[in-house]
Amino acid sequence: MAKLKLITFGCQANEADSEKIAGVLAQEGFELTEMAEEADLILINTCSIREKAEQKVYSLLGTFQRLKVQNPRMKIGLCGCLAQREGTRLKDRFPYLDLLAGPGAMIYRIPEMLRGSPAPPVLPRPKELLPLYIHSPRPRRESLFKAWVSIMEGCNYLCTFCVVPYTRGPERSRPPEDILAEVEDLLKQGYREITLLGQTVNAYGKNLKPRTRFSDLLRAIDALVGREMRVRFTSSHPRDLTPDLIEAVATLKSICEHVHLPVQAGSDRVLARMRRLYTRQQYLERVGALRRAVPDIALSTDLIVGFPGESEEDFQETLSLLRQVRYDSIFAFKYSARPLTPAATYPDQVSGEAKTERIHTALQLQDDIALEKNRGRVGTIEEVLIEEGPNPKMQSTATGRTRRNQLIHFSQESLVPGDTVSAVIAEGYSHYLKGKIP
Ligand code: SAH
Ligand code: F3S
């Protein structure tokens with residue numbers, strides 16, 4: 001058997017892509033290995049969203065080049081967003097690269113590329129059909145009970161900071177029958193949780209005929225999985241958090257009580273320059289509607305600090321938004337100028353020191369809020385899916401996630417990954433809970 005070393009950077013869509021790559025290459029006779037030295041093929045699944053991940057890829061390529069000098073039969077390839085964006089320019093810079101493939105549907109062309117047909121990455125066309133699950137090699141999934149299910153690709157928003165529309169192309173949705181076939185397959189294999197994935201997952205279905213709304217898809221999935229599976233979805237765009245979707249989250253039992261709703265900034269001036277297409281007030285109204293329908297819903301978000309032109313007052317508005325919404329968790333990023341994006345050319349870039357200071361301030365505030373919220377949950381009973389066994393570092397015997405997507409550690413009970421249990425929240429911290437089985 002040939003050996004494949006696969007390294008993944010970036011978002012959940014990339015993790016899902018890597019499972020598909022491993023599935024496609026398993027059909028070609030490749031098995032995964034951890035050790036680069038023994039690999040016949042090294043593939044780096046790259047991310048282009050922030051500069052840091054890109055730098056790591058370039059330094060890894062240097063390391064692997066040295067291995068290839070020792071073992072000339074070894075092949076090295078790049079896939080994902082960086083490969084898409086840089087294309088054949090990478091070949092000029094790294095002549096020993098054997099393969100370049102973009103993200104998403106390009107994965108299914110890797111075998112022909114390996115056989116020597118060099119196909120430089122091209123951006124998918126708006127109406128390009130996504131490969132059908134029923135006819136494609138099955139992904140080689142990492143977990144035996146949690147699975148990603150990609151339901152759409154690309155993004156039609158053009159936030160001025162974001163490279164995704166240029167690397168993953170315009171929005172395309174998979175036909176509902178194909179998604180349901182995949183979910184049914186997972187159900188049969190005993191999977192306990194699925195996460196529906198898309199760059200703007202809740203914009204799903206706009207290009208489908210007949211038009212299927214995201215809430216229609218959720219209904220169909222809920223009818224199929226009943227109480228057998230938990231259903232999550234990410235990431236949602238605030239503009240597409242429509243009343244029918246809120247109602248679906250409120251009424252469908254399989255849908256978990258958690259929405260990831262990236263806000264990016266709290267100041268209207270910055271939101272407009274980011275081209276997010278909502279105001280702070282409009283965002284807060286959507287959050288209000290969601291909380292009225294599902295009072296205990298968990299909310300998480302993405303934030304960018306130091307977007308070009310962000311003043312100290314603008315940043316204070318982001319802090320005040322954090323205090324107002326009281327998220328359960330946040331991901332905060334320092335703005336990173338990306339090629340091809342409009343914001344990279346804005347003249348008023350914020351200094352590195354200001355970004356560092358702002359991100360620390362935002363994360364500290366969020367830690368305080370989450371600590372208070374999580375302490376407030378002590379005594380409640382929540383459904384937990386156990387995901388991992390003992391973790392000596394955390395001195396825990398098992399770790400899982402609540403339906404609200406909070407990490408929860410156990411210290412006495414021996415629980416088996418894949419099990420669903422009812423747990424009492426015993427302690428609350430900023431980033432996790434501790435639980436007991438009553
Ligand atoms: N809708 C996508 C967003 C992809 S990018 C999704 O599925 O999550 C993920 C997050 O990275 C964004 O929400 C944003 O907060 C952050 N991000 C994107 N571009 C960035 C940039 N140029 N600099 C810093 N953070 C960025
Ligand atoms: Fe990026 Fe904005 Fe789309 S953050 S993925 S362009 S919604």
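This is a predicted model: local features need pLDDT of at least 70, side-chain atom pairs count only at pLDDT 80 or more; totals for chains, interfaces and linings use all residues.

Me: Where does Ser-336 lie?
Reply: In the loop between strand 13 (329–334) and helix 13 (352–375).

Me: And which residues is Ser-336 in contact with, leaving aside neighbours within four places in sequence?
Reply: Arg-50 and Glu-51.

Me: OK, switching to helix 8. How many residues does it have, and how far does it reach?
Reply: Helix 8 covers residues 214–225, so to speak a run of 12 residues, and reaches 16 Å from first C-alpha to last. That is close to the 16 Å expected at 1.5 Å a residue.

Me: Which residues of helix 8 are buried?
Reply: Phe-214, Ser-215, Leu-217, Leu-218, Ile-221, Asp-222 and Val-225. Looking down the helix 8 axis, these buried residues fall within an arc of 155°, so they line one face of the helix.

Me: Remind me of the general reason why a helix can do that?
Reply: An α-helix has 3.6 residues a turn, so residues three or four places apart point the same way.

Me: What do the buried residues of helix 8 pack against?
Reply: Helix 7 (176–188), strand 9 (193–197), strand 10 (230–234) and helix 9 (243–251).

Me: What follows helix 8?
Reply: Gly-226, with a positive phi near 50°.

Me: Since helix 9 came up, which of its residues are buried?
Reply: Leu-245, Ile-246, Ala-248 and Val-249 are buried in helix 9. Seen down the axis of helix 9, they sit within an arc of 160°, so they line one face of the helix too. The cover over them includes helix 8, strand 10 and helix 11 (280–293).

Me: Now the nonpolar core. How many residues are in the largest one?
Reply: The largest nonpolar core has 68 residues. Ile-151, Ile-194, Leu-196 and Phe-214 have the most contacts inside it.

Me: Pick Leu-196. What does it touch?
Reply: Not counting residues up to four places away in sequence, Leu-196 touches Val-149, Ile-151, Val-201, Phe-214, Leu-218, Ile-221, Val-231, Arg-232, Phe-233 and Thr-234. Among those, Phe-214, Leu-218 and Ile-221 are also buried residues of helix 8.

Me: And the second core, how many residues there?
Reply: That separate core has 23 residues, including Cys-47, Phe-64, Leu-78 and Leu-97.

Me: Where does Ile-110 lie, and which residues is it in contact with?
Reply: Ile-110 lies in helix 5 (residues 110–114). With neighbours within four places in sequence left aside, Ile-110 is in contact with Ile-21, Leu-25, Leu-99 and Ala-101. Ile-110 counts as buried, because its relative accessibility is 1%. The C-alpha atoms of Ile-110 and Leu-99 are separated by 8.1 Å, and the two are 11 residues apart along the chain.

Me: Next, Glu-28. What does it touch?
Reply: Pro-111 and Arg-115, not counting residues up to four places away in sequence. Glu-28 is in the loop between helix 1 (12–27) and strand 2 (30–32), and at 35% relative accessibility it counts as partly exposed. Along the chain, Glu-28 and Pro-111 are 83 residues apart, yet their C-alpha atoms are separated by 7.2 Å.

Me: What about phi for Leu-277 and Arg-326?
Reply: Leu-277 has a positive phi of about 70° although it is not a glycine, and phi of Arg-326 is near 55°, also positive. Leu-277 is in the loop between helix 10 (268–274) and helix 11. Arg-326 lies in the loop between helix 12 (312–325) and strand 13.

Me: Last one: which residues are around ligand 2?
Reply: Cys-155, Tyr-157, Cys-159, Phe-161, Cys-162, Val-164, Pro-165, Gln-199, Thr-200, His-237 and Arg-276. That shell divides into seven nonpolar, three polar and one charged.

Note on methods
Residues are numbered from 1 along each chain as its sequence is written. Chains are lettered from A and ligands numbered from 1 in the order in which they are written. Side-chain values use heavy atoms; hydrogens and water are left out. Helices (H or I, at least four residues) and strands (E, at least two) are DSSP runs, numbered from the N terminus. The expected span of a helix is 1.5 Å times one less than its number of residues. Buried means under 20% relative accessible area, exposed over 50%, partly exposed in between (1.4 Å probe, protein chains only). The arc is that of the directions from the helix axis to the C-beta atoms. Contact means heavy atoms within 4.5 Å. A residue is near a molecule or strand if one of its heavy atoms lies within 4 Å of it. Ala, Val, Leu, Ile, Met, Phe, Trp, Tyr, Cys and Pro count as nonpolar, Asp, Glu, Lys and Arg as charged, and the others, Gly among them, as polar. A nonpolar core is a set of buried Ala, Val, Leu, Ile, Met, Phe, Trp, Tyr and Cys residues joined through side-chain atoms within 4.5 Å.
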